Amino acid sequence: MTKLLKRMVNKMVYKRKDRKENETRPIEAKVGVIKNADGSAMFKIGKTTALAAVYGPRDLYPRFLSDPTKGILRVSYVMMPFAGAGDRVRPGPNRRSREIALVTEQALMPVIDLSEFPNSVVDVVIELPQTDAGTRCAGICAAAMALADAGIKMKDLISSVAVGCLNGTPVVDLSKEEEDLEGENADVPMAVISGSGEVTLLQLDGEVEKEHLLRAIEMGKEACKKIYDIQKNALKKKYGVEK
Amino acid sequence: MGKLIVKEKEVVVPGEDLAEGMDYLPGDGCYRDKEKVRAGRLGLVKIGGRLIKLLPLSGKYLPKKNDIIIGKVIEIAMMGWRIDTNSAYSAMLPLRDATSEYIARGANLSQYYSIGDYVVAKVTNVTSQNLVDLTMKGPGLFKLKPGRIIKVQPSKVPRIIGKSGSMVGMIKDATNSKIMVGQNGIAWIDASPEMELVVVDAIRMIEKYSHIDGLTDKVKEFLDKAVKKDGK
Amino acid sequence: MNDRMIKEHVETLLKKDRRLDGRKLTEYRKPISVESGFIETAEGSARVIIGDTEVLVGVKMGVETPYPDTPNKGNLMVNAELTPLSSPEFESGPPGIQSIELARVIDRAIRESKFIDSEKLCIEEGEKVWSVMVDISPVNDAGNLFDAGALGAIAALKSARFPGYDGERVDYKKHTDKKLPLRKTPISVTVHKIGDKLIVDPISDEEKSSDARLTVVHREDGKMCALQKGGTMPLSSDDIAKMIDLGIEKGKELAKALE
């Protein structure tokens, strides 16, 4: 395609072919996938797969990190080295993954109650074996299920999805191809407290009209309700009695 | 009028609505959100009149006063022993509560309890910061002999023990073994090599099926079969 | 952390030829599952499950300059990350000595067995060669990462397909049908000595009670290609001979899981 043609295509209103604008990619969720952990879960959306393990509350070293009034939540987020679509990813945390860990922690914290566990830590370890798009959101969904599985006191679950706007079309759950489209596009990862609809994660990369953005966020909230049902069912399935 | 949304013994997840209206009261693991009673953790619904509470199905042990636990000696300090409690908090077993014997100043403390020993101890005090004190003085508190140590889900310990020890008693009798189960989710088993795995499997079975009816019969059936098979 | 009571008990049982989970001394956990092509973003991948132990292995490929001493051979890199996902005992941070040993032993199994025909990975002598990067990521460490990791690495290499390459750039979106040039398959079996008994496939409590271990790598044609003795207790010649025999015997079983 020539550059001119590309630009003309980009000017056209974006229309999805394989799914509706308010539809997510196929989702799978499973709880109790890591036996060593106190709580664990897998959340897969499209090809993006997140594993989350929760260890704790447990003893926290070094001591100066601890809070004498409540336990702290410590999130780590890494992509497995073979999880990226391109070159091998250097293992271990980098600036991107550390920022994602931070916003993930803040996305989960509003529903978590660790007041019974002063000076301790709850470790949430998120790793992605395979990524496409929406990795931090998949990580948050898996982490919320893993925390519930670990028996942590929490007033609600957190559900998360990326929404966006592609040439004026608000969409839910961008794919990698959609993220990479040229033109006036925006990618908006968000997380929601399922009961109240309050937002605990909100980021935006790109260009978008305010009205379109607000519309996309509302669509994201609707999608999160469906994600919540999937998370809820996965949790109940683990604890359901096999006859 | 209030409306109950969930049933007795239903598994609910955090944030799930349990009841509507002010007639129902939130108990352990639940909270009130305006007109609703909602789940504040993952748990099993238990309804007692107007009170709804949630029994935990998972979660780490949190030391509580008067609990009998099985701990492991991890450090010998000046004033006593530091004990791992299988929780976020280790505990102190002070000299004065360690034994009914008199311990002279400067005595070699490892002759009483050495690193790696497992003890059955009672929690005497838990501060607001979860500093935990233990005692070994009292009936049924002692140092454990060598045996099998397994971890179990702390919330399932009451089921494993059963009403006044009926469940664990049934396993002991069937397998001719000694079993101690600490509130903190550490269990100790002294059985013949043939029976040891039968005990472990029976305990795992109780953990897995803790919230179904007729659990006792199910375990009994398992024991009868397993003991007969291995007895040959 | 070493647990004296657990070690004593493991030894007591072994004296009567019994194990914590009721297995025979030389019996692997069942089923051993090897699922290839598990990860779409990798050129090759495998998921290995042995009992409660689960390991993911991914192979990424790229074009690099060769090492000066092997200008006509492709590069191989094996890495293991024992991250805090898979065990409460692993910490985040740079790879510890445990990760390094695990990766090095699996690296030697692949390299010394000449499993990869690395001359066929040469694109332009001294300038461009294919580089094969194997990453081992445990999901749940319930013991015996050595054998699970090696099995996964071999299965992942077998499943690998070259990405697209136009002479300039690697196109990861393109998957070709071209397989890696592989030769005879190596198999790694780790035998542990506890007290005076030999066992294979330890669960975590057994692994912590181990006095010594010997990882035995042999190839399907019977040649031995790598050994690694671990643990703080010495081994006698008699022990070593027995451990090698056991490694070769059990290797046949593990090889079946690759089919």
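User: In helix H2 of chain C, how far apart are the end C-alpha atoms, and what span should the 16 residues have?

Analyst: In this predicted model, helix H2 of chain C covers residues 97-112. At 1.5 Å a residue, its 16 residues should span 22 Å. The separation of the end C-alpha atoms agrees with that expectation, at 22 Å.

User: Which strands and which helix of chain C do the buried residues of H2(C) pack against?

Analyst: The buried residues of H2(C) include Leu102(C), Val105(C), Ile106(C) and Arg108(C). Their partners comprise one helix, H3 (145-159), and several strands of chain C. The strands are S4 (75-80), S6 (128-140), S9 (186-194), S11 (212-219) and S12 (224-230).

User: Which residue just after H2(C) takes a positive phi?

Analyst: Helix H2 of chain C comprises residues 97-112. Just after it, a phi of about 55 degrees is found at Lys114(C).

User: Which strand gives the most to the side of chain A that touches chain C?

Analyst: The contact involves 26 residues of chain A and 28 residues of chain C. On the chain A side, strands S3 (48-59), S4 (72-79) and S5 (120-130) each supply at least two residues. That side divides into 13 nonpolar, 7 polar and 6 charged residues. With 5 residues, the strand that gives the most is S5(A).

Methods:
Residues are numbered from 1 along each chain as its sequence is written. Chains are lettered from A and ligands numbered from 1 in the order in which they are written. This is a predicted model: local features need pLDDT of at least 70, side-chain atom pairs count only at pLDDT 80 or more; totals for chains, interfaces and linings use all residues. Helices (H or I, at least four residues) and strands (E, at least two) are DSSP runs, numbered from the N terminus. The expected span of a helix is 1.5 Å times one less than its number of residues. A residue is buried if 20 or more other C-beta atoms lie within 10 Å of its own, exposed if 12 or fewer, and partly exposed in between; C-beta atoms are placed from the backbone. Two residues are in contact if their C-beta atoms, placed from the backbone, lie within 7 Å. Ala, Val, Leu, Ile, Met, Phe, Trp, Tyr, Cys and Pro count as nonpolar, Asp, Glu, Lys and Arg as charged, and the others, Gly among them, as polar.
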